[in-house]
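Thanks for coming. I'll take a few minutes on one model and talk through a helix, a loop residue and a surface patch.

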Amino acid sequence: MASIMDGERQFHIQTLPEEVGRYVILPGDPGRVPKIAEYLDGARQVAHNREYNVYTGTLCGEKVTVCSTGIGGPSAAIAVEELIKCGADTFIRIGTSGGIDLKVIGGDLIIASSAIRGEGTSYEYLPKGYPAAADFEVVTALAQSAAELSADEDGSRYHVGVVHSKDSFYGEVEPEASAVSEDLKTRWESYLKCGCLTSEMECAAIFSVGIVRSTPEKKIRCGAVLTAIWNAERSKQGLPDKINMDSARGINCAVNAVKKLIADDNM
């Protein structure tokens, strides 16, 4: 019986296996893909459909792909699913976030060790109560890379720890407009109390796909580096903060981490 999945190219990202590398960098914004691709050798666009802009080139002699995911868990999960079908096994999300823990200042890098499952996509993959954890090898490579790019100055530090993934951007910034505002505020206060570093929208979904799609024969490794744009909690308490829209340090962190992973994988 014919199916919409029977096409030669992947249904959503429109790629062929030979067009995708083992290592993939995942920005959300399609417009950021060409900027990241400049760090690769011989990069070229191999597909662009909907929110999925895909470039492939090489790093250290290995094929590397950059694929945008759009905003939120559902589209990010689709990208990872179809990239895995094309042979990819190592994913680094690069994105922006809003700080929660008071030690996070706009411009800081956050390496996600795991993600609070405050969204819905991960529940289509993992049972309730199971953590959406990043891969240790990817976290280590990102942390090492971040350390090399950081300084002990406001907006130039890095942190490793738990992040929060959500479905509603405005549920965070304008919770009072929601019919469940008290629940949103209570959960947010608990994240703050527990030391959650920052809030974003894709990590839990990406990590969950990686966990479920790993097999004894092929491990799927996922991680993320996030740039804090600002920290609303610091502003609420009258603490100094910065607004940072520059993702260059995050891009460098992801690219250098891929280089480290390639080197380790080839040992």
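When I say that residues pack against something, I mean contact, that is, heavy atoms within 4.5 Å. One caution before the details: this is a predicted model.

Start with helix 5, residues 181-193. Helix 5 has 13 residues and spans 18 Å from its first C-alpha to its last, close to the 18 Å expected at 1.5 Å a residue. Which residues of helix 5 are buried? They are S181, W188, Y191 and L192. Looking down the axis of helix 5, those buried residues fall within an arc of 100°, so they line one face of the helix.

What does the buried side pack against? The partners are strand 6 (109-118), strand 8 (158-166), helix 4 (169-173), strand 9 (198-200) and helix 7 (232-236). On the face turned away from that side, helix 5 carries the exposed residues E182, T186 and K193. Just after helix 5 comes G195, with a positive phi of about 85°.

Next, T69, in the loop between strand 4 (62-67) and helix 2 (73-85). Is T69 buried or exposed? T69 is buried, because its relative accessible area is 1%, and the cut-off for buried is under 20%. Setting aside neighbours within four places in sequence, its contacts include L26, P27, Y52, A76 and E202.

Last, the surface. I4, M5 and F11 make a nonpolar patch of about 310 Å². F11 sits in the segment before strand 1 (23-27) and is partly exposed, at a relative accessible area of 36%.

Conventions: Residues are numbered from 1 along each chain as its sequence is written. This is a predicted model: local features need pLDDT of at least 70, side-chain atom pairs count only at pLDDT 80 or more; totals for chains, interfaces and linings use all residues. Side-chain values use heavy atoms; hydrogens and water are left out. Patches are made of residues with over 30% relative accessible area and no salt bridge: like charges are joined within 9 Å, nonpolar side chains (Val, Leu, Ile, Met, Phe, Trp, Tyr) within 5 Å. Accessible areas come from the Shrake-Rupley method with a 1.4 Å probe; for residues, only the protein chains shown count as cover. A salt bridge is a side-chain nitrogen of Lys or Arg within 4 Å of a carboxyl oxygen of Asp or Glu. Helices (H or I, at least four residues) and strands (E, at least two) are DSSP runs, numbered from the N terminus. Buried means under 20% relative accessible area, exposed over 50%, partly exposed in between (1.4 Å probe, protein chains only). The expected span of a helix is 1.5 Å times one less than its number of residues. The arc is that of the directions from the helix axis to the C-beta atoms.
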